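Reader: Could we go through this one together? I have a few things to ask.

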Amino acid sequence: MSSSVHPDALRSLVEGTHGAPFEVLGPHAVADGQVIIRAFQPRASEVSVVIEATGVWAAMTRIDDGGVWEVSVPGADAGVRYHLAVKDYYGETITVQDPYRFPAQLTDFDRYLLAEGRHLYSYEKLGAHSQEIDGIAGVQFAVWAPNARRVSVIGGFNGWNPVTHPMRNTGTSGFWELFIPGVKAGDIYRYDVLAFNGYHMEKADPYGFRTEVRPANASIVADLEYQWSDGEWMQAREKRNPLNAPMSIYEVHLGSWRRNEDGGWLNYRQLAHELVAYCKEMGFTHIELMPVLEHALDASWGYQVTGYYAVTSRYGSPQDFMYFVDQCHQHGIGVILDWVPAHFPKDGHALSYFDGTHLYEHADPRQGEHPDWGTYIFNFGRNEVRNFLLSNALFWLKVYHIDGLRVDAVSSMLYLDFSRKAGQWVPNKYGGNENLEAISFLREFNETIHGECPGTYTIAEESTSWAMVSRPVYIGGLGFSFKWNMGWMHDTLDYAAKDPIYRRYHHNKMTFSLLYAFNENFILSLSHDEVVHMKGSLIQKMAGDWQMKFAGLRLLLGYQMTHPGKKLNFMGAEFGQWREWSETRSLDWELLKWTTHLGVQSWMRDLNAIYQKEASLWEIDYSFEGFQWIEPNDADNSVYSYLRFADDASDFLVVVCNFTPIKREGYRLGVPEGGFYTELLNSDSTFYGGSNLGNGGGLQAEMTPSHGFPASLSVTLPPMSIVIFKPSRPLSGVRRSAEKARLAAEGAASAAESARAAEVARVAPRDLAVAEPRGLAVPPPHDLSKQPPHEVVIPPPRAIMTPPPGARSIQSQPKAKATNKKATQPGTPTLKSKPATPKKVTPQQLEAAVKKSAKAKPAPKAARAAAPADDLKQVEGIGPKIAAALVKAGIASFEKLAKASEAELKQALEQDGLRFAPSLGTWAEQAALLAKGDTKKLRTLQARLSGGRRTQANS
């Protein structure tokens with residue numbers, strides 16, 4: 001049978017080189033009121049068209065030996081609905097929906113916006129989307145390849161044959177599309193791209209939502225449906241101003257934070273519980289994820305992205321990652337994602353040379369390649385490339401509910417001569433080295449993010465002195481919310497690495513940051529970049545012997561937390577990871593069996609706790625009103641002292657850092673007012689692994705002027721330490737109202753809590769220090785080494801978290817003998833001395849001691865007459881929720897609490913969704929004392945519990 005189609009067009013279609021298949025295939029109206037339908041079925045012996053409205057079959061005729069079939073249907077139009085009945089050479093007939101009967105899904109308006117680079121939600125149109133057209137389920141594919149001769153969709157559904165499903169070229173815009181019925185979520189696919197220059201390559205979908213696990217690299221059709229439970233967080237996010245809120249960021253590489261026992265990765269859902277619980281208990285407010293966008297090479301840590309719209313399949317599915325973010329939000333933790341628009345790798349299956357031309361990158365290597373990283377640079381002058389990246393940023397914030405994007409390598413984007421020598425770069429049109437197109441893109445990026453996603457934020461990793469990185473675009477800035485303070489990081493680490501005897505000559509390294517601290521909205525970062533590639537771990541960078549390194553690390557973390565700016569710490573630093581970080585293994589959680597490492601972890605947790613509680617540490621981070629030096633020039637002693645203020649100037653902290661291993665007594669420190677100053681935190685506490693020097697829990701200011709202030713403190717400065725003080729006095733009206741609201745929210749119904757609420761308004765300065773224990777440091781009565789032995793109280797070991805599987809809890813260590821033969825830690829220098837380790841008590845011994853104590857003296861009638869819930873809430877660490885759960889489980893008195901086993905307590909709490917964290921011994925001891933009516937010893941014990949460690953009962 002002859003056909004109106006030119007033989008060359010048929011041959012081109014059969015050979016897979018025809019770039020306009022819809023001109024041949026599908027329904028075509030002809031002048032005499034008929035419709036000619038053509039189909040490509042190369043493996044068929046017979047093909048018929050079945051008109052769905054009438055059920056009439058019309059047999060098709062083969063018009064080309066390659067498998068093109070045709071039939072004329074009278075009385076129909078081009079929109080006729082039909083399907084194909086295809087009989088193969090085995091005689092089996094199947095029903096096939098013809099992809100070429102469906103109309104284009106990209107509208108003229110879509111193509112216009114995409115070409116203009118203004119389609120902010122292009123991910124809703126491009127890529128692979130499951131949808132239903134005319135009642136037929138399938139997947140709509142769309143891709144940008146303007147210089148391709150032909151683009152086909154290939155996959156398991158068509159035997160990876162590029163001839164079977166060539167796509168429709170929508171015109172001069174360069175976008176290709178095709179709806180393929182019967183394809184579904186989970187199907188694997190690629191685009192087979194044939195260029196006019198002969199280039200032929202299979203490409204992953206630039207907009208693909210999921211990919212195979214490396215080393216496989218095909219795209220996977222993925223639906224992004226998920227039932228979110230973070231509505232409260234998302235509503236609050238829109239109104240939140242991150243600049244005047246606490247931000248303590250835990251930077252994490254998901255593949256190496258912790259691993260399963262077999263060495264395999266934790267998946268997103270495991271991390272949603274284990275990592276989130278850890279960060280919650282440690283007090284971090286945000287988790288920053290090193291890139292989880294799909295990447296082929298593990299060793300790139302995710303910074304060489306091959307799938308910008310795909311969360312890496314290493315750890316699970318898109319829904320699994322959504323679950324992780326959802327859990328973060330439900331536990332009050334924000335999620336920041338490392339985002340990499342600065343460069344992309346040369347992997348053949350990805351963006352490079354996508355359609356046979358330098359589509360996403362510059363053609364000139366002086367503009368389009370990074371000499372350091374061996375990667376390509378995006379061509380920010382192309383509308384479609386800008387659209388690809390802008391839409392990608394919104395995709396993560398909108399679809400995955402990410403709260404912030406940290407933009408990697410911004411400096412490399414800003415400068416045309418970044419890491420290049422003369423002659424290796426092309427100046428801009430004005431002859432300068434500024435990348436004007438990248439600058440324009442960054443400004444548009446920040447304007448778009450802040451306009452479309454209120455409450456989210458952007459962070460620049462920018463290492464130069466480029467001005468106004470974190471200032472609004474409308475005044476000439478780049479528009480970022482924050483900028484990493486790389487100068488502070490390098491100066492501080494350089495200072496910390498110097499022998500203390502030489503630090504006096506480098507004193508200005510620590511004061512210099514305050515000369516520019518308020519020029520940008522800085523984040524103080526101690527990131528992954530500082531603990532890799534032979535740089536050593538953070539604790540290894542500290543000067544001195546083994547013990548001094550721990551003291552130096554605690555001091556560094558405390559200094560960071562009290563310095564103006566938001567905070568970021570890379571995983572492992574919070575417990576003194578010794579080895580350099582590697583993406584190939586887990587962190588060394590087994591180190592937590594050592595009191596030194598557990599002490600650093602406790603210090604980090606307590607720093608985060610006081611950081612969140614004290615508004616003076618975050619409310620005014622970016623103005624001089626929030627900071628004032630007391631003494632910045634004591635270079636001879638290497639001591640720095642300063643004040644931090646909240647919005648309410650009467651709410652302030654006094655911070656003093658001693659960067660030498662010398663104890664300094666009677667150090668005179670000027671303060672703004674008289675009264676009693678509580679010692680909130682002391683990094684030298686034995687609880688953190690220090691020598692336990694301090695100021696007896698606080699000091700009375702003398703009306704002796706000093707440092708330009710009317711009053712002063714005579715402070716004992718422990719060696720290599722930071723000490724934080726706060727004036728103890730009635731709160732201002734605003735703070736009093738806030739404190740009362742906080743207490744009410746916590747269910748302050750007990751007599752003790754009610755008394756505490758009343759004291760907020762009327763307690764005397766010195767009494768408040770006693771009535772309001774901060775509970776974040778052991779308040780030593782001066783130097784404990786000079787006290788009688790029975791006065792020395794060593795807090796019991798307490799892990800900050802339930803140790804992750806594979807990590808061991810703190811263990812007893814033998815006391816050093818007179819021979820000075822010390823226990824040593826594998827892989828570390830020999831200790832000259834080791835802090836005393838608490839004696840372990842078995843549950844059986846503890847139970848026997850409790851029973852013995854309970855028999856010693858009967859409980860007074862007044863104690864027994866109390867209501868069960870109020871009774872239990874007198875025990876330190878038992879809040880109203882815990883008390884209610886215990887009463888519900890039948891543990892409704894001091895006596896029953898004292899006798900309950902840890903398993904019984906755990907079961908009682910978990911059935912109400914609560915988590916058991918305090919030690920059985922703590923609760924049992926208090927219950928026994930209450931049952932005996934020994935309130936004096938009870939108050940002493942509870943004061944030590946509040947002062948020496950913070951219970952986590954209501955977590």
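Reader: Which residue in strand 30 is the bridge partner of Glu631?
Author: The partner of Glu631 is Ser641 in strand 30, where strands are DSSP runs (E, at least two residues) and helices likewise (H or I, at least four), numbered from the N terminus. This is a predicted model, with residues numbered from 1 along each chain as its sequence is written. Local features need pLDDT of at least 70 and side-chain atom pairs pLDDT 80 or more, totals for chains, interfaces and linings use all residues, and side-chain values use heavy atoms, without hydrogens and water.

Reader: How many bridges join strand 29 to strand 30?
Author: There are 5, and strand 29 and strand 30 (residues 639-645) run antiparallel; strands count as paired if DSSP finds at least two bridges between them.

Reader: What order do the strands of that open sheet follow?
Author: The 6 strands are ordered 29-30-31-36-33-34, with antiparallel pairing. Strand 29 (627-634) and strand 34 (698-701) are the edge strands, each pairing on one side only.

Reader: And which strands does helix 14 lie across?
Author: Helix 14 (residues 546-562) lies across strand 30, strand 31 (652-658) and strand 36 (721-728), at about 40° to strand 36. Contact means heavy atoms within 4.5 Å, and angles run from 0 to 180 degrees between N-to-C directions of axes fitted to C-alpha atoms, for helices over the stretch in contact.

Reader: What about helix 15, where does that lie?
Author: Helix 15 (residues 595-613) lies across strand 33 (675-682) and strand 36, running at about 140° to strand 33.
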